[in-house]
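Thank you for making the time this morning. I would like to take you through one model, going from its domains to a few backbone details.

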Amino acid sequence: MPRPVKRALPLFALCAAVLALGACGSSNNDSGAGATVDNGAGGQRGGTLTLLTSQDIQSLDPGITYGSLDLNLLSSAVRTLYAYAPDNPTDIQPDLAASPPQVSPDGKTLTVRIRSGVRFGPPVNREVTSRDVKYAIERGFNPNVANPYASTYYGDVVGAARATGGPIAGIKTPDDQTIVFELTRPTASLLAQATVLPLSAPVPPEYAKPFDAKSPSTYGNHLVSSGPYMIPADRDGDVLGNGYVPGRSLRLVRNPNWSAATDDRPAYLNEVDFRIGGSTTVSGRQVLAGDGLVLGDSPTPPLVKKAYQTARDQIFFSPGAGSRYAALNTAIPPFDDANLRKAVAAALDREQMRRIRGGKIVGDIASHFLYPGVLGFEEAGGLEGTGVDFLANPEGDRALAERYMRAAGYADGRYTGDETLQVVGLAGAPDSNDAQILDQTLQDLGFKTQLKLVDVSVMYGRFCGVPRARVHVCPNLGWIRDFADPQTVLNPAFNGEFIFPENNPNWPQLNDPAINRAMARAELTVGDQARADAWGAIDRQVTATGAAIPWLYDRQPNVFSADVRCVPELWNQGHCDLAYTSLK
Amino acid sequence: MAAYVLRRVLWGLVLLVLVSLLTFVVFYVLPSADPAQLRAGRNASPATLAQIRENLGLDRPMTAQYWTFLSQLAFHANLGYSYFSQASVGSLLVDRLPATISLTLGAIVIWVLVAVPLGVVAATRRGTWVDKLTTGGALLGISAPVYWLGLVALYLFADDIGIWPLFPGAGSYVPFTDDPWQWFTSLILPWIVLASTFTAVYARLLRGNMIEVLSEDYVRTARAKGLSERRVVWRHGLRAAVTPLVTLAGLDIGLLLGGAVLTEAVFGIPGIGQLNYQAIVHADYPLIQGTVLLAACFVIVANIFVDVAYAYLDPRVRTS
């Protein structure tokens, strides 16, 4: 899923304070200074963890949930077929499933065995069966649920193309413990990975159907747990006003029907309290000074500095938190010219853009689009890059930029065209600072620009995600994967088939027939290594077009109290995994 | 008087309709964000986006959407449902109102109890160090942004992050019915912070008004009749000088009851202001409409009360 992340971004930055961190960088390959990766083993049982967040949960419905904090919450309350261990964001592990996924040799059938003995929490209380998973996925196609990724990842299931919430012929449940997906194309490997998303979390049809009949569905406010924790509810399962008060608080308590024997997660904590609302500035300080607290938001840069300098064990920089890049609109002049795009990329000082955000500690300089933790990252060149000359120098190469300008027909190495480029970036430091750096780079190359700095939802909703807005450059874009498969990073972002009139994810509007064909072939590739190879090659191709300029592989800082043994979810921006975290 | 109040109430209803229409135009016709896109995320296909729009009723014509909203409100007292939590807007407002009322009323008490004596003393001791201190302090109070003041107050006095841990920190608010003592102590710092700007403004205004009133002929007459200075100042002078402040207070109270966003945000108080802010961030239009209408309601009602109080305080208004 793309930027913005669902965590509140800092509203300001003290650049001097942030820059001071630049000298305290870590090596490129470790997880950053501060607390380290943890698998949670040997934690202490008991206690209550309090999570402070300024932003409310967007949805409790596993059929709708898509934000990182929501995923953090739901990953402890429901069980998907497969999941990531907190310290391994690449290899899926059985969760509700009893064993690894079985993909048929032709890649068109996926068979999953489901554990026995997993029970729903109150008020359903019975054992989970394969039919509950079947219903969970089918309801994603119900217009009252309208799951955002169901058609993308489950669209190849036989019958899914016409699904509207009723039974899907290609999802079969021969017995209570087996679910079989029959596909129209050999995409079973991708589907297996996609089951880490909450849509595959079981939903009891006899309980949920009345809620799903409403438009929109109200099942989220009647969520039934299948994991170690649940949200307290009344007799009818209504969590509103019980365990969840919108915009104020949410409680997770132990699911009385959860059995440790059926789950690899230790679930040390007795309770997790979400305190919603308030200021990130204040909450961050409370977390550092207090007990039993974690911060659900992105910490402000001054807080990152304070934690790094005075409480290094209380901050974790999560690698693989996504990538940042700038998109150049390839559909309209002047950036329909590849040489001009490469000139901008060559001239851009990506090191300065990183420095303004805090230096090495906030991430590695990006040189292509697959990022650490995503399959295909190494195959595309890893941190060394793909080898293109216009991204070889992170601090920019003015001479090379001018060569590309001359190749585009501008003999003096500076643009002499008439149009004024529309540049739309994010308001608020440090994003606005990064936008201004790119804007200045364009001006140094002779472009006339008009820079607009707007709110994140406006940037995507009215400008960068809307082709008819004719924005030339969007500096503050980024992408977070849905799961480790590289298709989730490259396909929507650079495939010509994904250019939509609104909510367009292919921001540079790249529509290269050769790349589109390569993606179509790679979609059907079976096996993790084969897919890594195929998509790694595509990443190289995309990078070579210069349609977008990658500049940072994010490391997301996470802050917690001294008595919290936070086990970061590397697959989810380093949020403390509530089912593995404990109190010291 | 009854006819006057009735006329004001009816006019208030007309104003509320206009406010709802304006809010609708701003957020529906000229939106800054699309709630369907926010809900869907970047990966959603156009078909999924269209489905979500239909779920939320956003695919219907603007006039139909507005009419649905207005008719539900007028005939069923229904403000609709939050796009995100599906909780009823009415229930969310009712849930948040006590916190905002607590915050507002406490701040009012403080700023009245402090501003009135300060203003009177500054006026009666013009040019002295008391006057200079009051004026300077008022300038500071007016200049200091509430958010900054709140942060400073927490960094100095909060029991979790403060240098001198005297008061409960941010997020410690509980309803009065849960724990009256904690309710009270958790609001002390927010009350002081919220009251500070108003205290400064009101003290300054009252000082100016008092100076003018104390030079009026009828005040000189009162003194000449042998009334004590205390009686002249507090009974005759203050009554006239405070009248314009009553109007201002009505407006301010009405606005604050609509939500003191910054104070609520800094101190983590779950009031209307925070609710409104969250609604705007999520482009949760029914909730935005609900909070805006509530704020407008408070301003209108407060103004009606102020007008009635003004008539009581100033006999000339009654006879006109």
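Before any counts, a word on contact: two residues are taken to be in contact if their C-beta atoms, placed from the backbone, lie within 7 Å. What you see is a predicted model, in which local features need pLDDT of at least 70 and side-chain atom pairs count only at pLDDT 80 or more, while totals for chains, interfaces and linings use all residues. Residues are numbered from 1 along each chain as its sequence is written, and chains are lettered from A and ligands numbered from 1 in the order in which they are written.

Let me begin with chain A, which is divided into domain 1 (43–267 + 558–583) and domain 2 (327–556), the bounds coming from an automatic or database domain assignment. The centres of these two domains of chain A, taken over C-alpha atoms, are separated by 33 Å, and 18 residues of domain 1 of chain A are in contact with 13 residues of domain 2 of chain A. On the domain 1 side, the largest share, 4 residues, comes from helix α5 (residues 188–194) of chain A; helices here are DSSP runs of H or I with at least four residues, strands are runs of E with at least two, and both are numbered from the N terminus. By class, that side of domain 1 of chain A has 9 nonpolar, 8 polar and 1 charged residues, where Ala, Val, Leu, Ile, Met, Phe, Trp, Tyr, Cys and Pro count as nonpolar, Asp, Glu, Lys and Arg as charged, and the others, Gly among them, as polar.

Turning to the contact between the chains, it takes 40 residues from chain A and 40 residues from chain B. On the side of chain A that touches chain B, α7(A) gives the most, with 5 residues, and the residues of that side divide into 17 nonpolar, 18 polar and 5 charged.

Chain B, for its part, is assigned domain 1 (32–78) and domain 2 (97–317), with C-alpha centres 39 Å apart, and 5 residues of domain 1 of chain B are in contact with 5 residues of domain 2 of chain B.

Which residues of α6(B) are buried? They are B:T134, B:A138 and B:G141, buried meaning that 20 or more other C-beta atoms lie within 10 Å of the residue's own, exposed 12 or fewer, and partly exposed in between, with C-beta atoms placed from the backbone. Seen down the helix axis, the buried residues of α6(B) fall within an arc of 65 degrees, so they line one face, the arc being that of the directions from the helix axis to the C-beta atoms. These buried residues pack against α5 (89–124) and α8 (180–213) of chain B.

Finally, some backbone details in chain A. Cis peptide bonds join A:P122 to A:P123, with omega about 5 degrees, and A:A429 to A:P430, with omega about 0 degrees. A:N503, although not a glycine, has a positive phi of about 55 degrees, and this residue is buried, with 22 other C-beta atoms within 10 Å.
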